[in-house]
Amino acid sequence: MFILRGILRAETQEKILIYLLVRGSGYGKAIAEFYELSPNATQKQLARLEGDGVVVSRLVGKLREYQLNPRYAFLQPLKELLKAALAAYPEKVKRELTMTRNRPRQAGKPVLPAR
Amino acid sequence: MSDYKDTPIIQLAVTVAGHLQQHDIRVILVGGLAVEIYSENIYLTNDIDLVNTSYHPPAAINQAMSEIGFFKRGRVYVNDTTDICVEFPSAPLSVGDELIEETTIIEVDAGNMPILLARDVIKDRLAAYFHWNDKPSLVQALAVMSKHAIDTAELQAFCQSEGKADEFAIIEQLRRSLDKQALSSMEDIETFIIRQTIEQL
């Protein structure tokens, strides 16, 4: 599914940008796992987006965390475009992007599927 | 050997709490199962979280739990016949920066269950949403609010005390919208929140 084909260079770019839009930030590995993408392809596109100034990154420990560049000149129109693309995504993907558990869970407490 | 294979979670919670009470160990139900009870099964969980308010040492809890077939694995108590696990989050009972001094006992089919007040369950979930941007917690808070009123002034004061005064108006608006649409399932409330979240991006 590549809604912004013709505007963005690659489907992976669209997925990365939508992930960062909804979740605020993300690590390359987590983004790749979420969409079941190739980690290498994801890192390559993240590097391109960073080179183009669309995203920025910072090191958190040994990991690199990405977010949309708040100084990107066209951030607002980009967000509107991504929101429009997101509206066309399946409900399941929207739900998984949005309804992620962020509150801490005790180490060792088993994670079980909801009843 | 205690077999809980077919024991519903609320019944199991009542059994555990009742057994601990026989050892003078007082516990209060918190967490996801408290949400499940107050949301009237809109939200479902596999965890029983009990705060030990009589401050019994871990050895006493281990002993009592072992008598009903639950053994410690890491930080939780498990039994091989069920996926349900029991945990004892640290006392004291608190939500945000507030110590909780009032709790209640509710009557469920399986018996009586000592539990947080509904308003404190709402606050607990809202605190998780405020501080971790945990959307599922917001959904759970709204699910409980759909069944149990919380005083508006109290809700506003809580938002302010958590440093989220600006969130109060948003939460009130969400609550009113949900009431108006009479949404009654977790999925409906989630779908509503997802839509709102995306609109506000």
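Two exercises with worked solutions follow, on a predicted model.

Residues are numbered from 1 along each chain as its sequence is written, and chains are lettered from A and ligands numbered from 1 in the order in which they are written. In this predicted model, local features need pLDDT of at least 70 and side-chain atom pairs count only at pLDDT 80 or more, while totals for chains, interfaces and linings use all residues.

**Exercise 1.** Find the buried residues of helix α5 (residues 91-98) of chain A, and state what they pack against.

Solution. Step one: helices (H or I, at least four residues) are DSSP runs, numbered from the N terminus. Step two: a residue is buried if 20 or more other C-beta atoms lie within 10 Å of its own, with C-beta atoms placed from the backbone. In α5 of chain A these are K94(A), L97(A) and T98(A). Step three: down the axis of α5(A), the buried residues fall within an arc of 90° (taken from the directions from the helix axis to the C-beta atoms), so they line one face of the helix. Step four: in chain A, they pack against α1 (11-23) and α4 (75-87); in chain B, against α5 (135-145) and α8 (186-199).

**Exercise 2.** Describe how the two domains of chain B meet.

Solution. Step one: domain 1 spans 9-116 and domain 2 spans 118-199 of chain B, with bounds from an automatic or database domain assignment. Step two: their C-alpha centres lie 24 Å apart. Step three: with contact meaning C-beta atoms within 7 Å, twelve residues of domain 1 and 17 residues of domain 2 of chain B take part. Step four: on the domain 1 side, helix α2 (residues 31-38) of chain B gives the most, with three residues.

Terms used: A residue is buried if 20 or more other C-beta atoms lie within 10 Å of its own, exposed if 12 or fewer, and partly exposed in between; C-beta atoms are placed from the backbone. Helices (H or I, at least four residues) and strands (E, at least two) are DSSP runs, numbered from the N terminus.
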